[in-house]
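Here are some notes on the structure, written as numbered points.

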Amino acid sequence: MSVFEELGLRRFLNAEDTFTSNGASCLGPEAYQAMREISGAWVDLLQMQRNTGEALARLTRNEAAYVSSGAASALTLCAAAALCEGDRDAFLALPDASLCRRREALVLAPQKNAYMRSIAASGATLRWAGEEGRPLTLEQAEAAMSRQTAALFYFVYHGAALCPSLEALARAAHRRGIPVFVDAAAQLPPAENLWAFTGQGADLALFSGGKGLAGPQDSGLAVGKRLWVERLLALGAPNEGLARGSKVTREAMAGLYAAVKRFVSEPESQRQAALMEKCALGRDCMERCGFAQVRIVAQGPVGQASPRVLGRPVGMDARALRQALRDDGLLVGYDAQEDALCFHPQMLTLKQTQTACRLLENRVRLWKEA
Ligand SMILES: *Cc1c(COP(=O)(O)O)cnc(C)c1O
């Protein structure tokens with residue numbers, strides 16, 4: 001009996017997005033192999049954190065790197081590290097920040113999103129620069145920086161078009177001794193983003209291990225300055241304190257390392273060609289289904305270089321069709337603005353993409369016959 005049957009689980013093909021609730025991506029064979037290998041023996045976990053970080057830093061062209069328990073927990077840990085500035089007692093009291101000299105995390109109001117709660121979970125008070133939905137000037141951002149500001153958090157996609165550039169913000173923050181942490185959780189591909197944000201001034205850039213990298217779902221990657229990686233090493237699990245519940249297993253470290261190695265070894269043009277090949281299957285399928293305005297868009301839902309296919313079902317309610325596809329075992333996205341289905345094959349193999357297309361075509365045929 002398979003684990004699907006034993007646990008009563010429905011199997012899906014995920015052509016929607018790297019949503020955690022969908023299980024995000026599937027582990028590649030290299031990651032599986034590394035996890036199996038490391039699981040068969042015991043190692044000094046702190047030494048493994050250190051050595052894995054060194055290897056990941058080399059692969060991602062950064063000074064240093066750290067494996068976290070997902071990108072969200074890296075946000076919490078970065079905020080905690082900034083609050084306590086290396087003071088152990090101050091760290092052990094978190095999320096009570098009363099022993100910290102600087103207690104605020106600066107966030108940009110136009111970028112407001114739910115992941116900011118992971119910053120506040122450290123005990124930091126969120127201080128907002130600007131207003132939601134309104135353009136934010138560099139002067140406004142600078143005016144919000146004070147002696148209370150422990151760190152500035154910048155999100156690569158959310159509301160970034162309304163904000164000053166990361167480079168300008170980082171220069172302004174660094175002039176005041178404020179570190180800058182960049183949430184780039186879903187900003188892969190392209191691989192060059194692994195070093196682009198640190199190149200633009202981020203002290204650390206944070207990525208999900210289980211999204212574009214196709215590593216373990218419970219892993220995350222922080223890359224950047226050695227000082228901050230040292231602080232994360234000193235404060236993160238398995239140390240006691242705030243991050244003790246965000247443990248990073250040797251399987252997660254080995255799996256993420258193998259996934260990153262695989263990810264950066266593939267030339268970007270080859271990765272894009274493979275993504276395009278899958279998109280072309282999706283496009284042809286939507287055209288055979290008689291969808292309107294079928295087209296491939298170059299970017300994923302948060303601007304990453306991950307092409308998708310959009311198409312509007314004709315004579316069918318798009319949302320009802322999406323639900324029917326879910327019942328068939330296929331997850332696709334819905335674009336409310338265009339009332340279109342959105343087919344995002346990043347997570348699928350070529351073969352799975354073919355199966356997904358068959359499911360879509362069959363459902364549409366049954367729908368039209370009914
Ligand atoms: C997915 C995501 C996260 C959380 O990443 P995990 O690795 O699932 O913890 C944080 N920030 C943004 C912008 C994300 O898209």
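1. Two rings of Phe, Tyr or Trp count as a pair if their centres lie within 6.5 Å. The model discussed here is predicted. A search of the whole structure turns up 3 aromatic pairs.

2. Take the pair of Phe 153 and Phe 181. Their ring centres are 5.4 Å apart and their planes stand at 45°, so this pair is tilted. Phe 153 belongs to strand S5 (residues 149–155) and Phe 181 to strand S6 (residues 180–183), so the ring pair links parts of the chain that are distant, 28 residues apart. Both Phe 153 and Phe 181 are buried.

3. Phe 181 also pairs with Trp 228. Here the ring centres are 5.3 Å apart and the planes are at 85°, so the pair is edge-to-face. Planes over 60 degrees apart count as edge-to-face. This pair again links distant parts of the chain, with Phe 181 in strand S6 and Trp 228 in helix H10 (residues 226–235), 47 residues apart.

4. Are Phe 181 and Trp 228 buried or exposed? Phe 181 has 0% relative accessibility and therefore counts as buried. Trp 228, at 7% relative accessibility, also counts as buried. Through ring pairs, Phe 153, Phe 181 and Trp 228 are linked into a cluster.

5. The charged end of Arg 61 sits over the ring of Trp 195, at 3.9 Å from its centre. Lys 112 lies over the face of Trp 128, and its distance from the ring centre is 5.5 Å.

6. Next come the salt bridges. Side chains of opposite charge can pair when their charged atoms come close. Searching the whole structure gives 18 salt bridges. In one of them, the side chains of Glu 85 and Arg 101 meet at 2.9 Å, N to O. Glu 85 is in the loop between H4 and helix H5 (88–93), while Arg 101 is in the loop between H5 and strand S3 (104–108), so the pair ties together parts 16 residues apart in sequence.

7. Arg 102 forms a salt bridge with Glu 85, and the closest N and O atoms are 3.7 Å apart. This pair links distant parts of the chain, 17 residues apart, with Arg 102 in the loop between H5 and S3 and Glu 85 in the loop between H4 and H5.

8. How exposed are these three residues? Glu 85 has a relative accessible area of 27%, so it is partly exposed. Arg 101 counts as exposed because its relative accessibility is 58%. Arg 102 counts as buried because its relative accessibility is 10%.

9. Arg 283 forms a salt bridge with Asp 284, the closest N and O atoms lying 3.3 Å apart. Arg 283 is partly exposed at 28% relative accessibility, and Asp 284 is partly exposed with a relative accessible area of 30%. Elsewhere, a network of salt bridges links Glu 30, Arg 262, Glu 266, Glu 268 and Arg 271.

10. By class, the lining of the largest pocket has 15 nonpolar, 6 polar and 7 charged residues.

11. The second largest pocket holds about 660 Å³ of space. It is lined by 37 residues, of which Asp 17, Phe 19, Tyr 115, Ala 186 and Lys 211 are the closest to its centre. Helix H4 (71–84), strand S10 (308–312) and strand S11 (330–335) each supply at least two residues of that lining. The lining divides into 16 nonpolar, 13 polar and 8 charged residues.

12. What cavities does the structure have? The search finds 1 cavity of 30 Å³ or more. The largest cavity has a volume of about 60 Å³. Among the residues that line it are Gln 49, Arg 50, Glu 63, Arg 226 and Leu 233. Helix H3 (45–59), strand S2 (64–68) and H10 each give two or more residues to this lining, and H3 gives the most, with 5 residues. The lining of the largest cavity divides into 5 nonpolar, 2 polar and 4 charged residues.

How values were computed
Residues numbered from 1 in each chain as written. Predicted model: local features only at pLDDT ≥ 70, side-chain atom pairs only at ≥ 80, totals over all residues. Heavy atoms only, no water. Nonpolar A, V, L, I, M, F, W, Y, C, P; charged D, E, K, R; others polar. 1 Å grid on protein atoms, 1.4 Å probe; cavity = no way out; pocket = protein on both sides within 12 Å on 5 of 7 lines; lining within 4 Å. Points joined across faces, edges and corners; volume = space filled by probe spheres on them. Helix = DSSP H or I, 4+ residues; strand = E, 2+ residues; numbered from the N terminus. Phe/Tyr/Trp six-rings, centres within 6.5 Å; stacked < 30°, edge-to-face > 60°. Buried < 20%, exposed > 50% of the residue type's maximum accessible area, 1.4 Å probe, protein only. Lys NZ or Arg CZ within 6 Å of the ring centre and 35° of its normal. Salt bridge = Lys/Arg side-chain N within 4 Å of Asp/Glu carboxyl O.
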